[in-house]
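Q: I would like a close look at a single part of this structure, described carefully enough that I can follow it residue by residue.

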Amino acid sequence: MNMMTGVSPWERLIRPDRVHGSLYTDPAIFEAELANIWYRTWVYVGHESEVPNANDYVVKSIGPQSIIMTRDEQGKVNLLLNRCSHRGNQVCSYERGNARSFTCPFHSWTFANDGRLVGYAFPDGYEGQDKSQLALGRVTRVATYRGFVFGSFAADGPTLEEHLGGAAETIDRLVRTSPEGEVEITAGFLKHRVKANWKFILENECDGYHPAFVHTSIFGVADSMIGKLYGGASTALTRCYGNGHTEIDLRPEFRKRGAPLSWFGTSEERLPDYAARMKAAYGDTAAREIMIDGTPHVMIFPNLFIAEIQMFVIQPLGVDDSVQHVTALQFKGAPDLNRRLRQQTMGSVGPAGFLLADDSEMYERCHRGVLARNPEWIFLGRGEKRERRDELGYTVGHVTDEVPSRGIWTHYRKLMEPA
Amino acid sequence: MLSPESSAALMSTVTAFLYREARLQDEHQYEAWERLWTDDGVYWVPANGADIDPERQMSIIYDNRSRIALRVRQLMTGKHFTQTPQSNLRRLVSNIELMDEQPGGDIAVASNSLIFESSLRDDTLWAARNEYRLRRVDGELRMAYKKVVLVNNDKAIYTMSFLV
């Protein structure tokens with residue numbers, strides 16, 4: 001709080017229709033974000049299907065911190081910090097595997113896959129030591145929504161359900177794409193690094209204004225139906241669910257088409273096995289509705305982006321250093337759909353992807369651009385005068401409007417301002 | 001087994017082919033590079049190791065022939081912003097070896113490459129093991145298969161939108 005004016009620095013930097021360029025480039029602000037966002041709020045870490053069996057583990061992250069997601073012998077999912085409680089050495093050096101325990105190579109301290117310290121070398125030097133005080137660090141709270149595992153370092157605060165709020169319904173919609181109601185994350189991740197602040201990625205995910213321009217090269221040569229969804233005449237919507245969660249709702253356009261699987265550029269005839277399994281699971285009417293509506297395009301704040309056919313996890317490493325972890329969504333019981341999901345994802349995303357190479361170029365150019373301080377501001381006023389409330393009370397706008405960015409910054413300011 | 005003499009002649013032809021491919025890539029001669037492919041060409045840049053199953057796991061590039069053509073057409077638009085302006089590139093190709101003969105008579109070749117990229121972002125050094133299957137079509141060598149195993153393909157890597 002500025003005692004002279006009574007205005008907090010965040011109020012000066014974040015205005016209703018503009019934000020200050022330094023929010024993307026100031027190292028002190030990045031450090032404050034780690035404390036107030038990444039190490040406090042709910043952050044997506046991994047999916048239960050990545051550790052299907054007892055003793056499976058996979059190394060994930062929360063910001064720059066390495067997190068081991070394990071399934072212990074009791075079947076419980078743990079989020080452990082990859083840091084020996086003795087001298088700080090990383091106890092796990094492989095990205096995935098199956099292990100009952102992790103032995104630190106430095107002094108041979110051994111931890112069970114639920115984090116307990118079970119032994120150390122030459123124990124007579126630790127006479128009287130309570131081992132339970134020397135467990136691996138844990139992410140303080142762990143919660144799961146339909147297989148998606150989130151962690152929060154805050155002991156208190158909103159529950160995961162409260163954090164997800166209305167955006168939970170988008171995950172409900174997502175899992176219905178599977179005839180068995182489950183997503184599986186089994187196709188491995190591409191890791192795409194960008195020399196740009198993480199918020200350029202966050203804001204772009206539900207920016208419906210850019211595709212017609214940034215992606216014109218691929219829409220032009222690939223005979224893609226995607227371009228029209230983001231045109232001036234599109235009936236698709238941008239939506240803000242609160243808590244920083246944002247969506248591009250393409251259903252109005254897909255419902256106009258009224259063709260099952262048109263959302264994925266295919267048809268029931270070309271994926272007959274999938275269509276039959278969906279009808280058997282949900283009945284003809286509901287299956288048809290699900291296959292017309294398609295999967296969501298939703299950015300769960302701060303790091304989980306479900307992009308219809310693939311999933312991105314945003315990881316900030318530094319103020320100008322970020323990684324996009326991306327994989328094809330896979331749906332249980334849908335092998336022919338899954339094959340197409342993998343093929344389309346590989347073509348469009350990752351370091352050589354037809355779409356993401358250009359998005360990432362924009363992130364990096366924006367980052368260099370905002371280092372210039374005239375004008376000082378990023379202008380986010382598009383559609384401010386025409387935004388409205390939908391039937392559930394969420395703010396919506398035209399697909400090209402900057403409703404999502406404004407929603408993200410409103411929530412960001414709440415998190416960054418001292419309570 | 002080829003006689004030492006014919007092996008040397010083949011090596012010379014293959015080496016000239018690989019150098020030509022490298023030059024076309026470095027100089028962004030996209031269409032000339034595309035013409036090096038057979039009609040059933042597969043262009044594969046795996047992620048997370050050299051031995052993943054590309055039918056099950058994500059690769060950085062896993063293009064069949066029509067997707068190779070799409071990749072080239074996108075580059076040709078001049079609006080693929082990651083290559084507008086184009087990266088400045090020079091690569092060294094070395095350690096060329098003729099490997100075991102393939103069924104169907106394709107010539108198996110392996111090489112290493114070291115690529116220096118200068119782009120708007122920064123300068124980036126790329127290193128890779130390359131595996132080819134080459135085939136004679138109308139008296140000319142063509143690529144039926146090219147696999148590029150980046151040394152750091154298990155790590156987070158920057159955009160790689162030039163032809164590798």
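Which residue in strand 6 of chain A is the bridge partner of Thr70(A)?

A: In strand 6 of chain A, Thr70(A) has Asn78(A) as its bridge partner. This is a predicted model, in which local features need pLDDT of at least 70 and side-chain atom pairs count only at pLDDT 80 or more, while totals for chains, interfaces and linings use all residues. Residues are numbered from 1 along each chain as its sequence is written, and chains are lettered from A and ligands numbered from 1 in the order in which they are written.

Strand 5 (residues 65-71) of chain A is joined to strand 6 of chain A by five bridges, and the two run antiparallel; strands here are DSSP runs of E with at least two residues, helices are runs of H or I with at least four, and both are numbered from the N terminus. Both strands belong to an open sheet of four strands in chain A, ordered 6-5-4-7 with antiparallel pairing, where two strands pair if DSSP finds at least two bridges between them. Strand 6 (77-81) and strand 7 (96-98) of chain A are the edge strands, each pairing on one side only. On average, neighbouring strands of this sheet are turned by 30° against each other, direction ignored, with axes taken as lines fitted to C-alpha atoms (for helices over the stretch in contact) and angles running from 0 to 180 degrees between N-to-C directions.

Strand 4 (56-62) of chain A also has a part beyond the sheet, being among the elements that cover the buried residues of helix 3 of chain A; a residue is buried if 20 or more other C-beta atoms lie within 10 Å of its own, exposed if 12 or fewer, and partly exposed in between, with C-beta atoms placed from the backbone. Those buried residues are Phe30(A), Glu33(A), Ile37(A) and Trp38(A).

Notes: Contact = placed C-beta atoms within 7 Å.
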